[in-house]
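Q: I'd like to learn how to read a pocket and a helix pair in a model. Could you walk me through one?

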Amino acid sequence: MRYLIAILAIAGLIDSVLALRIHNEDPSKAPPCAVTEKFDCGAVNHGRFSVFPPTSFDEEPGSKKVHIPVAILGIIGYGLIAIFALANKLWITLQLTEIGFAFAAFLSYLEAYVMEKWCIYCLYSMGIITAILLCTIVALVLQHRRRRAPAIVVSP
């Protein structure tokens with residue numbers, strides 16, 4: 001199960017790299033996933049919520065404030081999840097996954113109700129982190145059951 005979690009985390013890492021590529025593109029270019037008015041990765045990945053902390057409305061374009069692209073946080077998070085899953089540290093993996101799930105859920109909320117635009121990479125990431133969360137919970141339950149199972153003693 002930990003290998004499945006690591007494979008999903010690597011898929012999430014690749015997805016985050018693709019989102020970062022869109023974030024670093026020139027906004028005047030047509031992004032590759034501007035499918036409809038509601039599905040526009042370029043608008044989402046160049047919006048004020050595409051960085052952490054979000055840019056403020058009165059911030060100058062050449063401001064010295066440090067803003068980290070959300071996709072970089074995804075790369076770091078998915079990388080840590082993969083490392084801890086492969087190291088069989090499932091409780092740490094669960095904690096990281098819960099943080100990632102909460103972060104992705106909040107970003108989905110922003111896309112749905114604030115920006116009213118969706119990024120296909122963000123939706124993939126939400127699906128991937130949800131799958132990792134479910135797999136991690138199942139892995140922990142199975143691990144707990146194996147530890148609590150009584151040893152079968154065969155008498156001669």
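Predicted model: local features only at pLDDT ≥ 70, side-chain atom pairs only at ≥ 80, totals over all residues.

Q: What is the volume of the largest pocket, and how many residues line it?

A: Its volume is about 610 Å³, and 30 residues form the lining. Nearest the centre of the largest pocket lie V70, L73, G74, F103 and L107. Two or more lining residues come from each of α1 (2–24), α2 (41–45), α3 (70–86), α4 (90–115) and α5 (120–148).

Q: Now the helix pair. At what angle do the axes of α1 and α3 cross?

A: Look at distance and angle together. The axes of α1 and α3 come within 8 Å and cross at roughly 165 degrees. Angles over 145 degrees count as roughly antiparallel, so α1 is roughly antiparallel to α3.

Q: Is the crossing of α1 and α3 left-handed or right-handed?

A: The α1 and α3 crossing is left-handed.

Q: Which residues make the contact between α1 and α3?

A: From α1, they include Y3, A6, A9, L13 and L20; from α3, among them are I72, G74, I75, Y78 and L86. By class, the residues of this contact are 16 nonpolar, four polar and one charged. Notice that G74 of α3 takes part in the contact with α1 and also lies among the residues nearest the centre of the largest pocket.

How values were computed:
Residues numbered from 1 in each chain as written. Heavy atoms only, no water. 1 Å grid on protein atoms, 1.4 Å probe; cavity = no way out; pocket = protein on both sides within 12 Å on 5 of 7 lines; lining within 4 Å. Points joined across faces, edges and corners; volume = space filled by probe spheres on them. Helix = DSSP H or I, 4+ residues; strand = E, 2+ residues; numbered from the N terminus. Axes fitted to C-alpha atoms, helices over the stretch in contact; angles between N-to-C directions. Parallel < 35°, antiparallel > 145°, perpendicular 65-115°, else oblique. Left-handed = near helix turned anticlockwise from the far one by under 90°. Contact = heavy atoms within 4.5 Å. Nonpolar A, V, L, I, M, F, W, Y, C, P; charged D, E, K, R; others polar.
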